[in-house]
Amino acid sequence: MLSRNVIRGRRSAPSLPVTGLIVVALLYGHAASKTCRAGGFATEIVVSVADQELALIARGKVVKRFPVSTSKFGTGDAIGSYRTPLGETFVSAKIGDGLPAGAVIKNRNATGEILKADAPGRDAIVSRVIWLRGMDGATANTRDRCIYIHGTAAEQRIGRRASFGCIRMRSKDVIVLYNLVHVGTHVRISTKPLQEFLPAEEPSLLARAD
């Protein structure tokens, strides 16, 4: 059992007035969007709702691909909709450093319980939480809605639309992803097939290390 309930994690910013946080988020989002359009992101996550798959792309190459589960209610960013937002977001916090696979996370804190995959009657958030923040109007509510990329105890549902808005992953997969991304990593969520976002296999400008 865990000796403490508070999870170590990386937060996006120190405490600031609400107005200050909004300004920081808007400025970051504007700058990040320009960088993304220019192909300047060293690391990017792309989530395909169509394929129920996630890819981690770094320096013009696919690093990892994982099956995921997005919302069973469809796509959108309205508060209370339980839908998966579409558009540009970024990692605003990482929660769960050092937790064992299957550790239950509730309200971003460890409960001390550890679940095996597909434990009967359990559909908990487990292992790791990667908290997203929106970068434009289409994803404006993403952080306040607590939209995460996270591990799920219900691994049998991975590959199908089964979540309540978040992007679910198997515990072993979300732990790998968590260790490869950082606060600020760009995350694109789309209804398009994943293949449309993957870099060409042949050398290109995106693949160059200048």
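**Side-chain contacts in a predicted model**

Leu198 is buried, with a relative accessible area of 14% (buried means under 20%, exposed over 50% and partly exposed in between, with a 1.4 Å probe and protein chains only). The model is predicted, so local features need pLDDT of at least 70 and side-chain atom pairs count only at pLDDT 80 or more, whereas totals for chains, interfaces and linings use all residues. Residues are numbered from 1 along each chain as its sequence is written, and side-chain values use heavy atoms, with hydrogens and water left out.

**Surroundings of Leu198**

- Leu198 belongs to the segment after β11 (186-190); strands (E, at least two residues) and helices (H or I, at least four) are DSSP runs, numbered from the N terminus.
- Leaving aside residues up to four places away in sequence, Leu198 touches Ala55, Ile57, Val62 and Arg65, where a contact means heavy atoms within 4.5 Å.
- Between the C-alpha atoms of Leu198 and Leu56 the separation is 9.4 Å, although the two residues are 142 apart along the chain.

**Aromatic rings**

- The whole structure contains four aromatic pairs; rings of Phe, Tyr and Trp (its six-membered ring) pair if their centres lie within 6.5 Å, and planes under 30 degrees apart count as stacked, over 60 as edge-to-face and the rest as tilted.
- One of these is the tilted pair of Phe73 and Phe164, with 5.9 Å centre to centre and 45 degrees between the planes.
- This pair links distant parts of the chain, 91 residues apart: Phe73 is in the loop between β4 (61-67) and β5 (87-95), and Phe164 is in the loop between β9 (148-152) and β10 (167-169).
- Phe73 is partly exposed at a relative accessible area of 39%, and Phe164 is partly exposed at 40%.
- The pair of Trp131 and Tyr148 is edge-to-face because the planes of the rings stand at 85 degrees, with the centres 5.9 Å apart.
- Trp131 in strand β8 (residues 125-134) and Tyr148 in strand β9 are 17 residues apart, and their pair links distant parts of the chain.
- Both Trp131 and Tyr148 are buried.
- Phe73, Tyr82 and Phe164 are joined into a cluster by ring pairs.

**Charges over rings**

- The charged end of Arg143 sits over the ring of Trp131, at 3.7 Å from its centre; a charge sits over a ring if NZ of Lys or CZ of Arg is within 6 Å of the ring centre and within 35 degrees of the ring normal.
- Lys94 lies over the face of Tyr178, 4.4 Å from the ring centre.

**Salt bridges**

- A search of the whole structure finds nine salt bridges, each being a side-chain nitrogen of Lys or Arg within 4 Å of a carboxyl oxygen of Asp or Glu.
- Glu53 and Arg65 form a salt bridge at 2.9 Å, N to O.
- Glu53 is in strand β3 (residues 53-58) and Arg65 in strand β4, so their pair ties together parts that are 12 residues apart in sequence.
- Arg65, which also touches Leu198, is partly exposed at 41% relative accessibility.
- Arg145 and Asp77 meet in a salt bridge at 3.1 Å, N to O.
- The loop between β8 and β9 holds Arg145 and the loop between β4 and β5 holds Asp77, so this pair ties together parts that are 68 residues apart in sequence.
- Arg145 and Asp77 are both buried.
- In the salt bridge of Arg157 with Asp123, the closest N and O atoms are 3.3 Å apart.
- Arg157 lies in the loop between β9 and β10 and Asp123 in the loop between β7 (109-114) and β8, so the pair ties together parts that are 34 residues apart in sequence.
- Arg157 is partly exposed at 31%, and Asp123 is partly exposed at 33%.
- A network of salt bridges links Glu44, Glu88 and Arg188.

**Cysteines**

- The search of the whole structure finds zero disulfides, a disulfide being a pair of cysteine sulfur atoms within 2.5 Å.
- Cys146 is in no disulfide, and the nearest cysteine sulfur, that of Cys166, is 7.9 Å away.
- This distance of 7.9 Å between the sulfur atoms of Cys166 and Cys146 is too far for a bond.
- Cys146 is partly exposed, with a relative accessible area of 25%, whereas Cys166 counts as buried at 11%.

**Confidence**

- The average pLDDT of the protein is 84, and 76% of the residues score at least 70; pLDDT is the predictor's confidence in each residue, from 0 to 100.
- Residues 1-6 have a pLDDT below 50, and this stretch has 10 contacts in the model beyond near neighbours in sequence.
- Over residues 202-210 the pLDDT stays under 50, and the model has five contacts for them beyond four places in sequence.
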